[in-house]
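Me: I am new to this structure and would like to walk through it with you. Could we go question by question?

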Amino acid sequence: MPKGKKVQNCAAVIRSLLPAGFAPKVGLVLGTGLGGVSEKLETPLRVPYVDLPDYPLSTVASHAGRFSVGRLSGMPVIIQEGRCHLYEGRSPQEVVMGVRVMAELGVEVLIVTNAAGGLNPLFAPGDIMLLADQINFTGRSPLTGLEDASGGSRFVDMSAPFDAKLSVLALQGAVKAGFFLRQGIFLGLAGPQMESRAETRMFRAWGADAVSMSTVLEVIAARHLGLRVLGLSVISNLNLPDNMAETSLEDVIQVSSQAVDRISRLIESVLEGL
């Protein structure tokens, strides 16, 4: 079955369950440990991935594996609670299928979140970083293959992947919420192994401030579809090559969960600004 048809089929199932006249305008992708954001939804509709035809399932702990639809700060939104990754053996097209389904439903703005290892020595675990730019070091692209008529040219411009006006709203929201919002360059890896000391030094030399195993392909797909994108990372741990400390998925989940309230307030402020 063509990949476009799979997206349309999944979107059709979700659309059939929505209240009459309800059309989500903002899509959110929740990263590891950040599922609590969806608890802020008003009268949510939950659609498990297993109920959608040909939709790739996530196998990562703390990922709920469902779409949640409702209103957040009065804005009609759809939340992708959990994503699949290249390291699960998924293709780039499967990794970005959630973004394409949300776009098919009419979403115009995408907010992507993740838990990331901090490379900037000025950062601290629990900080939230606004993504100013990205480095795709996965070696893959969701635009590889035949031209997809559902979006623009496959040679999508990535000189400014993140929307400047959305970034300003996020910075203003952080001030309003009373915490400092970091800004930096995000680097995406295929994983699943953690970074070595030498790799960490290299990434930092490239200018990267945080690293994780998601997000970059979703941003490429979103820009291909013409969506405005805002990116937020929760710094779950620090990767400092001269003082490397072991970390685990459990540690990442714990730190990310502690940041849920702040990132929720930040997202709500952005939605109010829209």
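Me: Where is L18 found?
Reply: Happy to start there, with a note that this is a predicted model, in which local features need pLDDT of at least 70, side-chain atom pairs count only at pLDDT 80 or more, and totals for chains, interfaces and linings use all residues. Residues are numbered from 1 along each chain as its sequence is written, and side-chain values use heavy atoms, with hydrogens and water left out. Helices (H or I, at least four residues) and strands (E, at least two) are DSSP runs, numbered from the N terminus. L18 sits in the loop between helix 1 (3–17) and strand 1 (26–30).

Me: Is L18 buried or exposed?
Reply: Buried means under 20% relative accessible area, exposed over 50%, and partly exposed in between (1.4 Å probe, protein chains only). L18 has 13% relative accessibility, so the residue counts as buried.

Me: Which residues is L18 in contact with, leaving aside neighbours within four places in sequence?
Reply: Contact means heavy atoms within 4.5 Å. With those neighbours set aside, the partners of L18 are P24, L45 and V69.

Me: What separates the C-alpha atoms of L18 and A205?
Reply: Along the chain, L18 and A205 are 187 residues apart. Their C-alpha atoms are separated by 48 Å.

Me: How many salt bridges does the structure hold?
Reply: Side chains of opposite charge can pair when their charged atoms come close. A salt bridge is a side-chain nitrogen of Lys or Arg within 4 Å of a carboxyl oxygen of Asp or Glu. The number of salt bridges in the structure is 10.

Me: Which residue forms a salt bridge with R182?
Reply: The closest N and O atoms of this pair are 3.0 Å apart, and the partner is D127. The pair links distant parts of the chain, 55 residues apart: R182 is in strand 7 (residues 182–188), and the loop between strand 5 (109–118) and strand 6 (128–136) holds D127.

Me: Why does the pair of R228 and D163 tie together parts that are apart in sequence?
Reply: R228 forms a salt bridge with D163, with 3.1 Å between the closest N and O atoms. R228 lies in strand 9 (residues 228–238), while D163 is in the loop between strand 6 and helix 4 (164–177), so the parts tied together are 65 residues apart in sequence.
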